Amino acid sequence: MKLGLHSVSQLIEYFPRDYRTETEERAIAQLEGELIQTVRGEVVACDFINRGRPRFEATIQDGEHRLALVWFNGHYWQDKIVPGKILRVRGRVKFFRGFPQMSNPKTQFVSGDTPTIDQAIYRPVYPATASLKTEQLETIVRDALADFGEKIPEWFEPELLQLRDMIPRASAYAWVHRPADAVEAAQARRRLVYDELMLLQIALMLGKRARADRISAPVVRVDQLLDQRIRKRFPFALTDAQQRVAWEILADMKRGMAMNRLVQGDVGSGKTVVALYAMLACIANKLQTVLLAPTEVLAEQHFISLSNFLSGSGVKVELFTGRTKRTSKSTKSGALSRLTSGEIHLAIGTQALLQADIEFGNLGLVVVDEQHKLGVQQRAVLRGKGLLPHYLIMTATPIPRTLALSYFADFDVSTIDELPPGRRPIDTRRIPREHVEKAWQFVKEQIGLGRQAYVVVPRIGDDPTSESDTASVQELFTQLSTGPLKDLRLAALHGRLSSEEKQSVMADFRSGLINVLISTTVIEVGVDVANATVMVIESAEQFGLSQLHQLRGRVGRGAEQSYCLLISDSIGEEANARLAVMCQTGDGFEIAEADLRLRGPGDFFGTRQHGLPQLKVADLSQEIEMLKICRHDAEQILDRDPQLRTPVHQHLRRALVTRFGDGIGLSTV
């Protein structure tokens, strides 16, 4: 089935997206504008018009009153709807010059003795396809519910349901698909949201408790002397927020249990500095560390910046990217040998560090930059190398509170909520497509002042090396280098360049040999060139809010005023809302909350890659209070019944294993 429904259980969990009230059958004279209504009448005229937009038109009459009907592209009605037939039609009524009409109404052929609909009906509206209408889905789901509805098991004890004023679970399924009215539909949804969030919270808590019971992780201790030695590596003092987060990390690592901490902070807040503090603490305790980045460009950026911090120290740093696989056998073998022996203290790389032939001597800390860009299984492979290492995640995509309480409830979360002194807000402006020449003129003016600029084009495909992405970069490169920016030094950066070519382009840009870098979103995170003061984002309406904020964060890294120019066509209410938010605020947390409201949780922060199922009913942008209730109730249940062994929880236990597998520490036994 195109909808991906292959079982009865999937059918009854195919929930309505909305409901509609169908009024009782009315006379044509009683019709009201803008309401969906049902009426019947005899066809008195009809015609198929095949000019302009093809349409079939008919007029029905009941007594002295008439209703005009039109079906666009409705040629199939020509031989069916003819004068004398009696139709019952349902649709939204509009008035034109005082005359009622319906467009594309639902249509039934009836006879004079067909009973009228004498009361309003509250009906579900399902996500449908061209070949499977909502009415057909309603019938299919109703039949499945009739066969299976009474077999729906209860998950929670009666006392808890009474405390939370929840209807029984079986009733929730019956009412969500066939509610008598809006009140029943709301009660059903509330119970299903509770079930969904409870399942998620219990699974996250079980996973967190299971990790706490595993083999102990390396103990990392930092005394005053070591603290001072580490601080001397930074040419600046840590901010109060950086200091607080560093202490939170150290408190985790000295307990002897594996840390699982997420550090969130706005672009430019100094997350990498905090991560380096933690890595140096581990290295001083004779442990190896890994910094894992989602792209070669970002891995190379980290390698350069951390090598500068560690210049003159005894810390051995090595880069592992796709280039590592292309080096000579002896060179590669030597690097892998140094990693296995523990000679390399800090390995920086991409997914190349996840290869089966890479082993660590004594891995103590894994730091992952922008974790949402790496899959769960890939992270698990790295974490399985050596002992159970500490795990630190950095993200510049601030997590809305609802996501932190749900998808990331198994992490301890630290927030760097302070920017280093001297950072200026980035002046963000929207440039309509018809005024794009003003953007290029502004870029030229900034270059004339000795600055540099980025120009980012949207990624067209999912594959970062796709030809379409390359073509879009090359097309704009040609257009600008032969047109408005022809007197400047331009370069292109995209996924199809080799690692060596990317590294060369970025080196030239950092050194100032390139004025304008035209790129895909490969520069979205981590790239740090203080002299770049202009970010131009082409077709900005195609980007999500969080990604726009990330891209904007590539400028504003130095002391000079920086700018972000959003070139866009005026399209769509949601796209316009995103761009308005960007121009109004530079606060990453405000932007994250707005992004969640506009896009929903499914795409935010790559939650699809977090290894958790998509929520079918709950709207995380609206469910903060229910999340709090579920966290409390989940803790209470697990405190009393840690493995859900009591009979009242057997169905809940089975549902958790079915949904999440055995990674949460439960089995079907």
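This report walks through a predicted model of one protein chain, from the overall picture down to single residues.

## The big picture

The protein chain has 21 helices and 22 strands. Both are DSSP runs numbered from the N terminus: helices are H or I with at least four residues, strands are E with at least two. Of the 669 residues in the protein chain, 51% count as buried. Here buried means under 20% relative accessible area, exposed means over 50%, and partly exposed is in between (1.4 Å probe, protein chains only). Take the contacts in the protein chain between residues at least 6 apart in sequence: 74% of them join residues at least 24 apart. A contact means heavy atoms within 4.5 Å.

A few ground rules: residues are numbered from 1 along each chain as its sequence is written, and side-chain values use heavy atoms, with hydrogens and water left out. Because the model is predicted, local features need pLDDT of at least 70 and side-chain atom pairs count only at pLDDT 80 or more, while totals for chains, interfaces and linings use all residues.

Six strands make an open sheet with parallel pairing, in the order 17-22-21-18-20-19. Two strands pair if DSSP finds at least two bridges between them. Which strands stand at the edges? They are strand 17 (427–432) and strand 19 (490–493); each has a single partner strand, so one side of each has no neighbour in the sheet. From one strand to the next, the twist averages 20°. Axes are lines fitted to C-alpha atoms (for helices over the stretch in contact), and angles run from 0 to 180 degrees between N-to-C directions.

Strand 19 is joined to strand 20 (residues 516–519) by four bridges, and the two run parallel. Helix 16 (residues 499–511) lies across strand 18, strand 19, strand 20 and strand 21, at about 140° to strand 19.

## Rings that meet

The structure holds 13 aromatic pairs. Rings of Phe, Tyr and Trp (its six-membered ring) pair if their centres lie within 6.5 Å; planes under 30 degrees apart count as stacked, over 60 as edge-to-face and the rest as tilted. F234 and F309 are edge-to-face, because their ring centres are 5.6 Å apart and their planes are at 85°. F234 sits in the loop between helix 6 (224–231) and helix 7 (240–253), and F309 in helix 9 (residues 296–309), so the pair ties together parts 75 residues apart in sequence.

F236 and F309 also form an edge-to-face pair, with 6.3 Å centre to centre and 85° between the planes.

## A residue tucked inside

L69 belongs to strand 5 (residues 65–72). L69 is buried, with a relative accessible area of 2%. Leaving out residues up to four places away in sequence, L69 touches F56, E57, A58, I60, L87, V89, M102 and P105. The C-alpha atoms of L69 and A58 are 5.1 Å apart, although these residues are eleven residues apart along the chain.
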